[in-house]
Amino acid sequence: LQVVRDQISHCTVKLRQTTGLMEYCLEVIKENDPSGFLQISDALIRRVHMTEDQWGKGTLTPRMTTDFDLNLDNAPLLQSIHQLDFVQMKVSSPVPAPPILQLEECCTHNNSATLSWKQPPLSTVQVEGYILELDDGNGGQFREVYVGKETMCTVDGLHFNSTYSARVKAFNKSGVSPYSKTLVLQTSEDTQSEEQTLPFPVPLERSQLRRMSPFSSTLNLQPSFSGRSYFELRSSAHQLSLHSSLQSLNSAVDIKKMVAVAWFSFDPSSAHADIIFSNDNLTVTCNSYDDRVVLGKTGFSKGLHYWELSIDRYDNHPDPAFGVARIDVLKDAMLGKDDKAWAMYVDNNRSWFMHNNSHTNRTEGGITKGATVGVLLDLTRRTLTFSINEDQQGPVAFENLEGLFFPAVSLNRNVQV
C-alpha cells in the first residue's frame, strides 16, 4: 500500500506538471508577434518531446503486481509439533445427575406456579446451572422458561383452569443431565354445575365480597373441568372466612355457577420508584406531581375478570388512569401513553379512553373522593370495559385484546387509590 501511495503521489505531480505545460503551449500559440513565437518555439518543442518520452518510460505502469511474494517461516511451528507429547486424560467433570423436585416447596397461586428443586444428596458433580421447562397447559410441547443457577423459579402469566407439566435438568461443561421426574400443576379447580354469566357491573348483592378486598378478579369457569373443590383451602383464617362468605353469598343470590376468586395486590417490584405502598400493598399513592404507573401482581391471559378500585383521596382535580398493561409498560408516564397499556383516565367531570397516546370517547361523568372505578377484562370476548360507581362509563373501551395483561393504575401525589 505504501508503494502504491508513493506512485499515486508521483503521478499526481507529473500530471500537474504536464497540465501546466499544455496550458503554457496554448498561450504561446496565441502569440501575435511572429518573431516572439519563433524565439521560444524550438525550446518549447524540445520540452514537449522530453515530457512525452518520460510518460512513455513506464510512469503509468504499476510498480506493484497483484501477486505478492510471501515467505512463510514455519520453523517454530514444526519445532512445536515435534515436541508434542500426547497423554490420554480422564474426564474431569462428568455429566450431572438429574435434579430432584422438592414437592413440599412447589405450589400454585392464582395463575402463577413456583417450583423448587435440588441436586441428589450424594451427588458431588459440579453443576453450572439448570433448565426449567413447562408445557403449554394443554399437553403440548415443552418449552424453556428459565435457565440459570437458582434452584427456585416462579412462572407468572399461566392460564387459569389449566394443568401444566414441569420438568428440570442440570448442566455443566461436560453436558446436560437427564430430566427430573415430571411434576403436574393445576392452576385452578371447578365444580360440575350450570354455567352462569357474570353481569356488568357486579350487582349490589355482591358488595360483601367487594368489601373484603377491593382487588378481586372473578372469572366464569367452564363446566368441562372435572369436579373438585372450587377453592383451595389452606390454614389461614382469611381464606377460611372467604370460603364461608362465598358460600353464603352464592346462597343469597342463588348463583348456581361457582366462580373462582383470584386475589392480587399491587406489585412493588415492578412499580415506579415514586409509588408509595401501604395497607399490605392494597393502597398506593405517589410522592411526585408527575404520573407514575403501578401494576398488579397477577397477570391474566384468558377468562372473565372484574375488579374495583376506590378513590381514597382526590385533591386539585388530577386525572388518574385505570386499566391493564403489559409487564414492560412505561412506568414514568400516564397509563396509555405507549402501546403497552389500555386505560381510561378521568378527572372530576369527564373521562377518555387512551392507548398508544390516542385519546377517544370523551364521556361526561368524573370521580371524587369515595368514588369506585370498575374494570371488566373479558378475554373470552377480548374486550375491556370500565365503570364508575357501578355505572358503565362510555361504550366498550377496547376490543381485540390478546395476550397477558396486568391490572394497572397511574396516579400522582394528589390521588390515593
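Which residue of strand 18 is the bridge partner of F322? The partner is M344.

## Model and conventions

The model is predicted: local features need pLDDT of at least 70, side-chain atom pairs count only at pLDDT 80 or more, and totals for chains, interfaces and linings use all residues. Residues are numbered from 1 along each chain as its sequence is written, and side-chain values use heavy atoms, with hydrogens and water left out.

Helices (H or I, at least four residues) and strands (E, at least two) are DSSP runs numbered from the N terminus. Two strands count as paired if DSSP finds at least two bridges between them.

Six strands form an open sheet in the order 14-24-17-18-19-20, and the pairing is antiparallel. Strand 14 (292-295) and strand 20 (358-364) each have a single partner strand, so one side of each edge strand lacks a neighbour in the sheet. From one strand to the next the twist averages 20°; axes are lines fitted to C-alpha atoms, for helices over the stretch in contact, and angles run from 0 to 180 degrees between N-to-C directions.

Within this order, strand 17 (residues 321-325) and strand 18 (residues 341-346) run antiparallel and are joined by five bridges.

Strand 4 (residues 129-134) has six of its six residues buried, meaning under 20% relative accessible area, with exposed over 50% and partly exposed in between (1.4 Å probe, protein chains only). G129, I131 and E133 point one way, while Y130, L132 and L134 point the other.

Strand 4 runs antiparallel to strand 7 (residues 163-172), with six bridges; G129 has F171 as its bridge partner there. Five bridges join strand 4 to strand 5 (residues 143-148), also antiparallel, and in strand 5 Y130 is partnered by G148.
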